[in-house]
Amino acid sequence: MHIVIIGGGFAGINLAKALTNEKGITVTLVDKNNYNFFPPLIYQVATAFLEPSSISYPFRKFFAGKKNLQFRLGEFLKVIPTENKVILNNGELSYDQLVFATGAETSYFGMENVKKNAIPMKTLNDAINMRNTLLKNLEKAAICKDIRKRRKLLTIVVAGGGPTGVEVSGMFAEMRKSILIKEYPELETSASNIYLVDGGEALLSPMSIASQQDTLEAVTKLGVVVKLNTRVVDYKDDTVYFADGNTIQTKNLIWAAGVTAREFEGIPSESYGRGKRMLTDAYNKVNGTTNIFAIGDTCLQLSDENFPQGHPQVAQVAIQQGITLAQNFKNLLQVKPLKPFIYKDKGSMAIIGKNKAVVDLPKPNLHFKGFIAWMIWLFVHLMSLITYRNRINTFYHWMIAYFSKDQSLRMIIRPDKKSKEEIV
């Protein structure tokens with residue numbers, strides 16, 4: 001059985017891992033990047049507290065020695081179900097079973113100016129671009145004599161009150177209090193604000209009320225200005241426009257407000273549901289197909305009675321679906337009954353700052369905050385990294401940052417020629 005997996009995120013890599021050295025099965029994983037990366041820690045790369053290699057690892061190095069796994073660098077274009085064939089930008093592949101594990105991409109809700117001018121927070125490239133942009137704006141502010149222009153360079157607006165928005169806001173607030181004062185003495189008397197805006201009534205809306213309240217209190221104490229029931233409608237000419245008519249002048253709009261899946265040529269239109277996610281049965285087989293599956297953020301499964309509207313687009317769903325589908329492929333090969341997917345909710349968490357986090361555990365309905373929650377967050381994220389090398393590297397940088405309240409990774413790296421034309 002030849003299984004082709006499109007996408008090497010949480011879902012795809014865990015499916016491949018679970019099929020390692022399985023007799024009778026060969027796996028080809030296709031991804032447009034040659035590395036797997038850990039999205040929950042993207043913001044720490046973006047704020048220069050981790051280097052990119054701490055949260056990423058090359059597919060080919062990971063697959064080395066695993067005889068039935070192979071990697072193909074390429075971008076998926078379309079599938080031809082009648083021929084069991086996928087078309088890539090650099091060739092084609094035949095398959096017996098096809099799995100979409102393509103995750104989700106940033107959603108701008110149709111706002112073209114926001115898409116064009118805001119800073120996204122979804123990929124490793126986004127993180128490096130954000131780090132460069134923020135560092136360059138700091139350097140520009142350091143030599144800027146115009147008070148209004150300097151304030152725009154220093155003001156940060158984070159759109160989206162989910163875990164990413166909360167975590168990046170808290171990180172910026174702590175950097176402002178410690179690092180910036182030491183390294184940018186020119187800006188010591190300059191006014192700057194960090195805004196965290198969300199269209200809902202609370203931060204971390206999927207979490208418990210206790211977590212929402214604790215998070216609001218913690219980020220506010222850090223100096224973050226929280227604006228709830230505030231929806232961004234446009235961003236142009238260095239101005240963020242809100243639905244209530246208010247505006248904020250800034251050069252830095254960080255977009256962490258939403259995600260959407262993608263539609264692919266060859267998949268019937270009736271196979272898509274809310275958010276462009278593929279509708280599947282209890283075994284993750286895409287509706288209207290015979291041997292095409294979808295797992296992770298790109299999947300909308302309505303068969304789980306505990307989640308009748310579909311599962312949340314979080315890492316644990318993707319990991320568990322990948323492992324379950326791997327077992328079902330083994331069962332399929334051995335002509336055994338398939339196992340329906342049932343999500344086991346292990347809880348949710350978010351870090352706010354140093355020694356500050358919130359954790360909700362569904363069973364036995366526990367809520368943690370502060371230092372204990374912070375330690376739980378660190379342990380879970382550390383152990384979720386794909387290799388021991390990533391864990392050791394990340395732990396090392398975390399320890400430096402914890403005891404020194406600093407990190408030495410703030411380099412502006414310009415990979416393209418256009419950046420050379422800029423002043424800073």
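Which residues does Phe293 touch, not counting residues up to four places away in sequence?

1. Phe293 touches Gln97, Leu98, Val99, Phe100, Tyr283, Asn284, Lys285, Val286, Leu325 and Phe329, a contact being heavy atoms within 4.5 Å.

2. This is a predicted model in which local features need pLDDT of at least 70 and side-chain atom pairs count only at pLDDT 80 or more, while totals for chains, interfaces and linings use all residues. Residues are numbered from 1 along each chain as its sequence is written, and side-chain values use heavy atoms, with hydrogens and water left out.

3. Phe293 belongs to strand 21 (residues 292-294); strands are DSSP runs (E, at least two residues) numbered from the N terminus. Phe293 counts as buried because its relative accessibility is 8%, the cut-off for buried being under 20% relative accessible area (1.4 Å probe, protein chains only). From Phe293 to Asp281 the C-alpha to C-alpha distance is 9.3 Å, with 12 residues of separation in sequence.

4. Elsewhere, strand 15 (residues 232-236) and strand 16 (residues 239-242) run antiparallel and are joined by 4 bridges; pairing requires that DSSP find at least two bridges between two strands. Val232 has Phe242 of strand 16 opposite. The two strands form a hairpin with 2 residues between them, and Asp237 in the turn has a positive phi of about 50°.

5. Strand 16 also pairs with strand 17 (residues 247-249), in the antiparallel sense, over 3 bridges. Here Val240 has Ile248 in strand 17 as its bridge partner. This hairpin has 4 residues between the strands, and Gly245 takes a positive phi near 95°.

Terms used. Buried < 20%, exposed > 50% of the residue type's maximum accessible area, 1.4 Å probe, protein only.
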